[in-house]
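Subject: Handover of a structure for your study

Dear colleague,

Please find below the structure that I am handing over to you.

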Amino acid sequence: MTTAWRGAWRRLAGSPWLFAGPAVAAAILFVWLPMASTLGLSFFDWSLLRQEATWRGLDHYRGTLANPDFHLALVNTGVYLAALLPLQVGIPLVLAFALVRVKAKATGRLYRTALFAPSVLSFPVAAVVWLWLFNPTVGFLNTLGGAVGLPPQRWLTDPDIAIWSVIIVAFWKSFGLNLLIFLAALANVPTDVTEAARIDGASPLRQAIDIELPLISPALFFAVVTTIIVVLDEIVGAVDVLTEGGPYRTSSNLLYFLYERGFRHFQFGEAAAVAVLIAAIVAGVTWAQFRFGERHVHYD
Amino acid sequence: MSRAVSRRHFTLAAAALAAPVVLPRESLGNDVKVDLVHLFSGAEHPIQKVIKAFNDKGTGVTVVSRQDGTTYETITQKAMASIAAGRGPAMMTTGWKLGDFARKTLGAQDFRQIFGPDRTQALLAKFRPQVRPLAAIGGVPIGLPWSMSTPVLYINQSLWTEAGLDPAATPKTVEELYPMVRQLQDKTGKQGLCYEVNEWLPQAFIQNAGGDVIDGDGRPVMDSAAAVKGIEAFVQPRRDNLWRVMTIPEMVAAYQAGAIGVMASSSARQSVVRQAAKFDLRLIQMPGLAGLPRRMNSGGNFLAVYSKVKEQQDGAYKFMEFVTSKEGFEIWLETGYLNVTTNDIPVRPGSEAAQAQMEGGLTSETIWPGARGLEALTVHIDWITKIVNGAVSVPDGLRSDRAAIDKLIAA
């Protein structure tokens with residue numbers, strides 16, 4: 001090896017790029033390049049089979065923003081978020097506080113397993129069960145409702161109810177993960193702190209609110225952030241297997257709208273424009289979370 | 001005990017492992033492989049039996065079954081993606097409604113070009129004369145019309161007789177049917193009627209009222225006065241609380257459980273419905289509208305060839321020859337599809353009404369025109385669903401439907 005090569009190798013070996021390089025390359029290849037391609041594609045009509053592109057300028061953005069189905073998907077995304085965020089964070093939080101106070105180990109384990117079990121199912125498997133429960137004529141829910149005098153509901157085909165049916169299933173399917181996160185966080189709360197509070201006469205409720213909750217706030221913040229991602233993203237699985245966005249798009253959301261434009265109707269230019277708009281919305285939500293949410297998090 | 005591996009052995013072992021990946025599939029056997037993409041589930045489905053019976057003949061062609069979805073829309077979407085990736089299906093059961101899309105966008109092959117006019121003629125001559133025109137999309141023969149069904153009424157005979165209705169009654173019009181359904185519902189407490197909410201059954205109502213969904217020139221005309229009349233008749237039982245709207249899987253499950261008196265659905269659904277139904281079941285022809293000539297539609301799928309490889313095209317032809325033979329079609333009729341061939345095969349029990357409806361003449365299923373036909377179909381179903389749910393009046397809904405589809409066809 002010549003002196004020049006040796007010098008170059010020494011400089012490279014001492015350089016942070018040697019270590020960061022593979023990660024940066026992967027990020028460029030699998031994140032930034034697809035994002036740039038999507039942005040570029042949003043200005044074109046692109047035929048999948050002919051592999052031809054036609055310049056459309058901002059037409060896809062104008063078309064999407066004027067599309068009533070996009071408006072409906074945007075509103076529905078808000079409804080999903082407004083309903084599922086409190087449900088998927090609040091209920092597991094309350095359950096976690098209750099479960100850590102269960103003294104009998106076997107009972108505690110049984111509850112945890114039963115509550116977490118739906119999270120390990122895939123949406124298609126869960127849907128098989130729920131489609132039977134939701135059947136408007138022979139389903140369990142209407143049979144149960146009928147027993148107490150409630151009129152039968154069309155859970156998946158009534159435009160006013162379908163979105164709530166998806167919310168029920170999405171909640172049932174996903175709340176176990178947050179429960180696990182909260183249980184793990186509560187297990188790490190130092191016992192000397194809670195013990196001291198108990199000796200000072202703090203009630204279990206006071207201990208939970210004033211001591212344990214602040215101490216698990218990083219986990220709470222994490223759960224809020226991941227739940228928003230789940231609601232924006234993974235709920236597509238529930239929508240697809242239960243209602244396919246129907247009846248007439250009333251249970252669709254932004255991601256499902258994107259999926260339909262791209263992979264059902266093969267309007268890739270339009271789908272790319274929708275993807276860019278969704279990315280902008282998600283960026284805004286994430287900024288708001290960190291701007292307003294993180295100040296309540298105690299990392300010490 | 002360790003043992004050194006020689007370079008020669010290592011090379012041979014590596015080559016053996018890599019061979020299935022590196023070598024083309026065709027070179028692994030002498031047969032030409034022709035994959036058939038379809039939507040039929042289950043190892044016992046007649047499509048598996050037809051394929052097995054053909055493969056067992058050792059013609060030098062092996063048909064490979066590939067279920068790629070459960071609806072025509074899904075398999076078409078997946079086919080489009082696989083064609084774009086250069087791995088398109090050799091053959092696919094293509095929904096009639098997507099015929100234009102299959103020809104213009106997916107590139108379904110013209111039989112005359114790939115088989116030659118004489119062989120095409122010989123193949124299609126095996127079908128009944130009234131069916132042959134349906135095999136052509138825009139005048140181009142691109143499919144074997146092997147799967148044809150028609151809407152029929154499935155009557156729960158146990159509930160029907162329990163309600164005091166004549167066990168042999170066959171209402172010819174919806175005006176006759178609806179009072180009977182009312183009686184069944186009032187006397188048994190079960191849901192009287194259920195219709196499919198899709199594009200196909202409403203088409204029957206539109207046509208029987210004298211209208212059309214798309215006219216002969218490919219223009220949407222589903223908002224004509226006749227079409228409005230047809231859809232009014234379609235939604236009437238929903239307004240009269242005789243029909244609780246549900247999805248098709250929900251409807252079939254409820255019907256099989258004996259919770260619905262009368263269900264309107266495809267005659268091809270018969271084998272599935274009978275599997276779990278524990279009551280007497282009777283199929284009758286779909287009623288028309290009083291005072292108007294019957295104009296029932298057909299539906300189902302045709303077998304189209306997408307491969308551009310000559311060997312695969314010839315293999316597809318051999319398979320089609322077998323399917324249209326008496327032996328092949330007898331197996332295929334187990335599905336509940338109609339005997340559309342000239343083969344002398346006795347009508348299967350339960351298929352009499354559907355077969356008689358076909359003999360009376362069927363129109364083709366609406367073929368959604370243009371490169372965005374698949375999207376137009378979705379839009380149409382959305383408007384029909386809105387109308388059924390009472391979210392919009394029938395005339396307004398159909399007018400908006402036409403306007404939306406006009407735009408998509410023009411795009």
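UniProt positions are given here in the numbering used for this structure, feature names are shortened, and annotations may be inferred rather than shown by experiment. With that in mind, the unreviewed UniProt entry annotates residues 12-33, 79-102, 114-134, 161-187, 208-232 and 271-290 of chain A as "transmembrane region".

This is a predicted model, in which local features need pLDDT of at least 70 and side-chain atom pairs count only at pLDDT 80 or more, while totals for chains, interfaces and linings use all residues. Residues are numbered from 1 along each chain as its sequence is written, and chains are lettered from A and ligands numbered from 1 in the order in which they are written.

Chain A

Chain A contains 14 helices and two strands; helices (H or I, at least four residues) and strands (E, at least two) are DSSP runs, numbered from the N terminus. Its radius of gyration is 25 Å, well over the 19 Å that the globule rule gives for 300 residues, so chain A is more spread out than a compact globule. The radius is taken over C-alpha atoms, and the rule is 2.2 Å times the number of residues to the power 0.38. Along the principal axes, the C-alpha atoms of chain A fill a box of roughly 70 × 65 × 35 Å.

Two of the annotated spans may be set side by side. Residues 271-290 of chain A are 100% helix and 0% strand, with end C-alpha atoms 28 Å apart. Residues 114-134 of chain A are 71% helix and 0% strand, and their end C-alpha atoms lie 22 Å apart.

Of the 300 residues of chain A, 30% count as buried. A residue is buried if 20 or more other C-beta atoms lie within 10 Å of its own, exposed if 12 or fewer, and partly exposed in between, with C-beta atoms placed from the backbone. Phe266(A), in the loop between α13 (254-264) and α14 (268-293) of chain A, is buried because it has 22 C-beta neighbours inside 10 Å. Leaving aside neighbours within four places in sequence, Phe266(A) is in contact (C-beta atoms, placed from the backbone, within 7 Å) with Leu48(A) and Met80(B). Phe266(A) and Leu48(A) are 218 residues apart in sequence, yet their C-alpha atoms are 7.5 Å apart in space.

Where the chains meet

In total, 24 residues of chain B are in contact with 19 residues of chain A. On the side of chain B that touches chain A, α3 (72-84), α11 (248-256) and α16 (373-388) of chain B each supply at least two residues. The most come from α16(B), which gives five.

Chain B and the cores

The domain assignment of chain B, which is automatic or taken from a database, gives domain 1 (26-149 + 299-359) and domain 2 (151-297 + 370-410). Their C-alpha centres lie 28 Å apart, and 22 residues of domain 1 are in contact with 20 residues of domain 2.

A nonpolar core is a set of buried Ala, Val, Leu, Ile, Met, Phe, Trp, Tyr and Cys residues joined through C-beta atoms within 7 Å. The largest has 159 residues, and Ile231(B) and Ala304(B) have the most contacts inside it. Another core, of 16 residues, lies apart from it and includes Phe97(A) and Ile181(A).

Yours sincerely

Note on methods
Two residues are in contact if their C-beta atoms, placed from the backbone, lie within 7 Å.
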